[in-house]
Protein chains: 2
Amino acid sequence: MELRHVRYLLAVAEEMSFTRAAERLHVAQPAISVQIRQLEEELGTSLFDRRRRTIRLTPAGEVMVTEGRRLLRAADRAVDLAVKAGAGTVGRLAVGFVPSASNASLPPLLRRFSSSHPEVALELRELSPNALVSELRDGHLDISFLYLPFSDPDFEQMVIACEPFVVALPTAHPLAGRDPVPVAALADEPFVLPARHGMPGLYAKVLGICQDAGFTPRAVQEDVWLVQTIVGLVAAGTGVALVPASARAISPEGVVYRCIAGTQVHQVELAAIWRRDDASPVLARFLALLAG
Amino acid sequence: MELRHVRYLLAVAEEMSFTRAAERLHVAQPAISVQIRQLEEELGTSLFDRRRRTIRLTPAGEVMVTEGRRLLRAADRAVDLAVKAGAGTVGRLAVGFVPSASNASLPPLLRRFSSSHPEVALELRELSPNALVSELRDGHLDISFLYLPFSDPDFEQMVIACEPFVVALPTAHPLAGRDPVPVAALADEPFVLPARHGMPGLYAKVLGICQDAGFTPRAVQEDVWLVQTIVGLVAAGTGVALVPASARAISPEGVVYRCIAGTQVHQVELAAIWRRDDASPVLARFLALLAG
DNA sequence: TTAGTTCCATAGCTATAGCTTATGAAATAA
DNA sequence: TTATTTCATAAGCTATAGCTATGGAACTAA
């Protein structure tokens with residue numbers, strides 16, 4: 001049995017005429033006769049009572065019409081869903097991000113995508129950068145957000161946000177009175193540093209800023225995972241820190257933010273990364289939104 | 001799209017290989033390639049990621065596989081149901097009968113059919129003979145049971161039970177002492193007669209028996225619909241009656257049954273009638289049970 | 001790296017099967 | 001009855017599924 005048999009059957013049943021069904025389907029009448037007969041032979045039973053000139057459905061015909069309608073609906077549905085899945089307007093998108101990235105730029109992006117693609121299920125996961133990469137590789141994630149630098153030939157990347165660094169100081173700190181603060185002024189300060197291996201992008205940037213100012217930061221606390229925690233430690237008076245400007249949103253008692261003095265702009269770049277060979281249409285849609 | 005496309009897709013998806021799918025379907029590998037490509041072109045999206053040597057389903061492919069399985073199941077189900085409907089092992093049978101026919105012979109027949117055809121819904125209706133005929137004609141009934149004689153070129157009939165007449169007498173009646181009772185002895189008795197137009201078969205039989213005995217029954221009560229009612233009237237002393245022997249099952253206080261004397265056997269025949277042009281497979285099954 | 005192997009895709013050809021035209025038989029309608 | 005409608009059948013044509021041969025790309029194993 002093929003869907004053609006069902007389509008012909010329904011046309012005949014609905015027109016109650018082989019002739020009119022043929023017209024409706026834009027084929028000659030004998031084509032209908034032959035196809036219906038084939039179906040009848042396959043089923044081992046007749047579908048129409050043709051003894052009168054006005055044909056009638058047999059009980060088996062009635063059943064086949066009912067089930068045939070269901071069948072064609074299921075076929076239409078299958079096509080519709082597959083087309084949508086192919087276009088990326090239905091499906092699933094697993095998004096990963098480093099803890100600090102749940103800041104200003106990401107939520108609005110996700111919200112916009114979600115409202116323009118209501119049939120795509122967004123799955124959000126907060127992971128360390130290396131976990132993000134391995135999950136992307138395994139196909140458990142479709143796209144991830146982390147701080148640059150990052151480089152891997154298997155992945156493509158796109159910068160989606162670029163924010164300046166600011167200095168986080170305990171409120172009582174002598175430098176809190178100055179704004180902007182020159183980086184060189186922090187040369188002898190104890191530093192709270194982000195996780196070197198966990199967040200290599202951020203770590204490298206902070207180190208770079210200090211080295212540009214002519215010193216290597218003295219770590220009083222290393223391997224801190226969350227920007228939130230860094231800020232907390234600064235607030236507790238543990239030391240000073242260089243953090244992305246979006247950290248201003250986290251403002252616990254005891255910490256102040258100051259701009260960095262000087263002409264050189266130090267920025268941290270939040271990037272989206274995804275597998276180069278990932279052909280997921282949903283991902284393509286998401287990337288289009290990122291780029292557009 | 002045809003079911004062939006879906007069958008090929010599922011084979012490829014299950015084997016995860018065009019080559020093995022081709023072997024499984026007993027066709028050459030290019031046939032699979034072409035059909036899958038056709039489906040992909042119709043959907044406007046690819047179903048397999050063929051960049052690697054081990055192919056993978058695309059999101060659209062996953063969807064199409066899931067929906068395709070559903071589709072083939074629906075197709076199988078449609079065929080199965082239609083075949084059963086054609087064989088008469090599933091469906092509906094509307095059975096009509098005159099009130100009096102719900103006696104000894106019919107219930108066991110219906111019970112036997114029902115247990116051998118559990119998927120056939122039996123619909124039972126108690127109607128007058130002319131209503132039976134018109135409902136048969138309209139197709140609201142498939143088969144009916146009534147008392148002969150009945151004759152109509154549009155219908156076929158089969159006698160399914162044949163029972164002798166008996167005389168029903170009030171217990172106190174003088175003839176109650178005799179057994180058998182000669183019909184002639186009832187010549188001057190008041191008769192309770194079945195409905196002439198409502199049950200022509202039974203009425204004609206009773207009249208015939210009396211006329212054979214040389215008299216025309218004097219009706220004290222005519223147009224009685226149910227044999228049960230006739231018996232009740234006899235029990236109340238209204239008159240005597242000739243009723244089918246199965247009426248013995250209805251034995252209220254005040255009535256006795258006596259055989260008819262004489263060599264001539266007077267019998268009433270219960271027959272099944274159905275439309276000559278009715279090709280219903282369920283009916284055919286039922287008739288086979290009646291005949292066999 | 002290179003040679004060999006294993007895939008799927010493509011091209012050209014064959015054969016099947018669906019379609020068309022022409023026509024016939026049976027049931028209606030006039 | 002005759003004319004008309006309707007479905008079935010037959011013959012020829014055409015479209016298409018499928019086959020064989022082959023090529024290119026991706027792995028695999030020296």
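Q: Is A:Met16 buried, exposed or partly exposed?
A: This is a predicted model. In it, A:Met16 is partly exposed, because 13 other C-beta atoms lie within 10 Å, and a buried residue would need 20 or more.

Q: And where is A:Met16?
A: A:Met16 sits in the loop between α1 and α2 (18-25) of chain A.

Q: What about phi at A:Met16?
A: Phi is positive there, about 55 degrees, although A:Met16 is not a glycine. Most residues other than glycine have a negative phi.

Q: Now chain B. What is phi at B:Met16?
A: B:Met16 is not a glycine, yet has a positive phi of about 55 degrees. B:Met16 is in the loop between α1 (3-15) and α2 (18-25) of chain B. With 13 C-beta neighbours inside 10 Å, B:Met16 is partly exposed.

Q: Switching to peptide bonds. Cis or trans from A:Asp179 to A:Pro180?
A: Cis, with omega near 0 degrees. A:Pro180 is in the loop between β6 (155-170) and β7 (190-194) of chain A.

Q: And from B:Asp179 to B:Pro180, cis or trans?
A: Also cis, with omega near -5 degrees. B:Pro180 falls in the loop between β6 (155-170) and β7 (190-194) of chain B. Most peptide bonds are trans.

Q: On to helices. At what angle do α1 and α3 of chain A cross?
A: Roughly 115 degrees, and the axes of α1 (residues 3-15) and α3 (residues 29-43) come within 9 Å. So α1(A) is roughly perpendicular to α3(A).

Q: Which residues make the contact?
A: From α1(A), A:Arg4, A:His5, A:Tyr8, A:Leu9 and A:Val12. From α3(A), A:Ile32, A:Gln35, A:Ile36, A:Gln38 and A:Leu39.

Q: How do the residues of that contact divide by class?
A: Six are nonpolar, three polar and one charged.

Q: What handedness does the crossing of α1(A) and α3(A) have?
A: Left-handed.

Q: Last topic, the DNA. How many residues surround DNA strand C?
A: There are 20, and the closest are A:Ala28, A:Arg52, B:Thr19, B:Pro30 and B:Ser33.

Q: Which helices supply at least two residues each of the surface near DNA strand C?
A: α3 of chain A, plus α2 and α3 (29-43) of chain B. The largest share, five residues, comes from α3(B).

Q: And what is that surface near DNA strand C like by class?
A: Eight residues are nonpolar, six polar and six charged.

Technical notes
Residues are numbered from 1 along each chain as its sequence is written. Chains are lettered from A and ligands numbered from 1 in the order in which they are written. This is a predicted model: local features need pLDDT of at least 70, side-chain atom pairs count only at pLDDT 80 or more; totals for chains, interfaces and linings use all residues. Axes are lines fitted to C-alpha atoms, for helices over the stretch in contact, and angles run from 0 to 180 degrees between N-to-C directions. Helices (H or I, at least four residues) and strands (E, at least two) are DSSP runs, numbered from the N terminus. Angles under 35 degrees count as roughly parallel, over 145 as roughly antiparallel, 65 to 115 as roughly perpendicular and the rest as oblique. A crossing is left-handed if the near helix is turned anticlockwise from the far one by less than a right angle, and right-handed if clockwise. Two residues are in contact if their C-beta atoms, placed from the backbone, lie within 7 Å. Ala, Val, Leu, Ile, Met, Phe, Trp, Tyr, Cys and Pro count as nonpolar, Asp, Glu, Lys and Arg as charged, and the others, Gly among them, as polar. A residue is buried if 20 or more other C-beta atoms lie within 10 Å of its own, exposed if 12 or fewer, and partly exposed in between; C-beta atoms are placed from the backbone. A residue is near a molecule or strand if its C-beta atom, placed from the backbone, lies within 6 Å of it.
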